[in-house]
Amino acid sequence: MPVESGSSASSRQAKQKRKSHSLSIRRTNSTEQERTGLQREMLEGQSKSADNLHHYLKPEDSKLPLSLRSNLLDLFGQIEREFENLYIENIELRREIETLNDRLTAEGQTIDGGDLTKGALKAKASHSTSQLSQKLKTTYKASTSKIVSSFKATTSRAVCQLVKEYVGHRDGIWDLSVTRTQPVVLGTASADHSAMLWSIETGKCLLKYLGHAGSVNSIKFHPTEQMALTASGDQTAHIWRYTVQLPTPQPVADISTPCDDDIDFSDKDEADGDGDGPNECPSIRVSSTTLRSHQGVVIAADWLVGGKQVVTASWDRAANLYDVETSELVHSLTGHDQELTHCCTHPTQRLVVTSSRDTTFRLWDFRDPSIHSVNVFQGHTDTVTSAVFTVGDNVVSGSDDRTVKVWDLKNMRSPIATIRTDSAVNRISVSVNQRIIALPHDNRQVRLFDMSGVRLARLPRSNRQGHRRMVCCSAWCEDNSSCNLFSCGFDRQAIGWNINIPVLLQEK
């Protein structure tokens, strides 16, 4: 390969570089001829650069092999061509946009005869669209008449007032209930191995039961006497008597809030404290009756109508029926394939419903002493967390599959209403007077629905009020003017609410 002198090589190298760079920065018009000429010129320049590479690149400029440098130059040339093409297309598009804008401006100035035709066409299109929309609405309503979506916005102006917070437990609260006799007090069952009775008006602890050796999972009150029934993780259920004296109530500040207008502003949990509670709260450590037959955690218990028998539900997959006076086991209700999660009794009839992790709930009929029938219902796809009776002939079931279903006892083949939510549902409750379902959720929300599945309200939850952790249970109180709904959760507190649902809203 011939080698030129240093001055002539440098001069030729500079000329080739200027020529190559002049091609890369050259500005062209947007015509197809100029674009083709530019591409041809670029290719010719690139070809000359490749052919004469050894003339203007000195060996000492790079330690890379000549073949590798040639490949790199070819790649850079391809990149340059891509950018050139994009630049030319951009110029063409800009000119087309300007032309269209000019044309639209010119057409917009002539509004004499054309607008009438446009208006007629628009009216005709609007009429056709409305007819199609009506057909779609009719078809949709006919196909989904039995399923109610809970995601659509409610027009409720229901007012939810947080009246009182009941703080004193050292661990999460699993369950709560309100007495059915005077004096009316609130009872809570906690994982801290205790149950507490509270003054609804003042929020003060009136009595603490410390007889269990494990988590207290549920609490229910006798229908006519001052007796409480608690179920525990120590595999027992206790019946204990209580006597309380209500303190003088104090005025409550009005903090009314439209239920659905309060937004969740904070997801932070409350700082964990000891929650010592009042030291002067009296306690009971011995039960009057202890029910022992289960081989696992007793997760729930309830009184049968009349209060002479109780039913318990356990993780040993069985529900037991006991005689209160003798403490003897009357019946063992077996059949569930997995652990039981809840049990509930009918308020006026000898009926029991048990729910289980096997995705079913069972209806047990003890109205005929000689025949104890059972019906199995498979309406859910995940754990049935609770199933409760209403005053009428309905059963309402909630599940971890994020649905709540309303059933008719006279026809349990399919639910009469389905409520779909965005979170697992825990122990639900139904208002006796207003027939409103309160849904406590894993996501710290409490929502209210009517028996037909229409959403009525959502209880306010923000950084200053409401639950900060999972809401485990809800309970209605029909005989108290200040608080008619209670909720509890794993933030170690129970909350008393005053819920005002307009009658017109309930009738929708």
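Okay, let's start with Asp393: at 31% relative accessibility, it counts as partly exposed. Keep in mind that we're looking at a predicted model. So who does Asp393 pair with? That would be Lys410, in a salt bridge whose closest N and O atoms are 3.8 Å apart. This pair links distant parts of the chain, 17 residues apart. Asp393 sits in the loop between strands E21 and E22, and Lys410 in the loop between E23 and E24. Lys410 is exposed, with a relative accessible area of 70%.

Now, a quick step back. The protein chain has 508 residues, and 45% of them count as buried. You'll find six helices and 31 strands in there. How many salt bridges are there? The count comes to seven.

Let's look at another one. Asp175 and Lys220 meet through their side chains, 3.4 Å from N to O. Asp175 is in strand E3 and Lys220 is in strand E7, so this bridge ties together parts that are 45 residues apart in sequence. And is Asp175 buried or exposed? Buried, at 2% relative accessibility. Arg427 comes in here too: salt bridges with shared partners join Asp175, Lys220 and Arg427 into one network.

One more pair, then I'm done. Arg241 and Glu225 form a salt bridge at 3.3 Å, N to O. Arg241 belongs to strand E9, while Glu225 lies in the loop between E7 and E8, so the bridge connects parts 16 residues apart in sequence. Glu225 is partly exposed, with a relative accessible area of 34%.

Note on methods: Residues numbered from 1 in each chain as written. Predicted model: local features only at pLDDT ≥ 70, side-chain atom pairs only at ≥ 80, totals over all residues. Heavy atoms only, no water. Helix = DSSP H or I, 4+ residues; strand = E, 2+ residues; numbered from the N terminus. Buried < 20%, exposed > 50% of the residue type's maximum accessible area, 1.4 Å probe, protein only. Salt bridge = Lys/Arg side-chain N within 4 Å of Asp/Glu carboxyl O.
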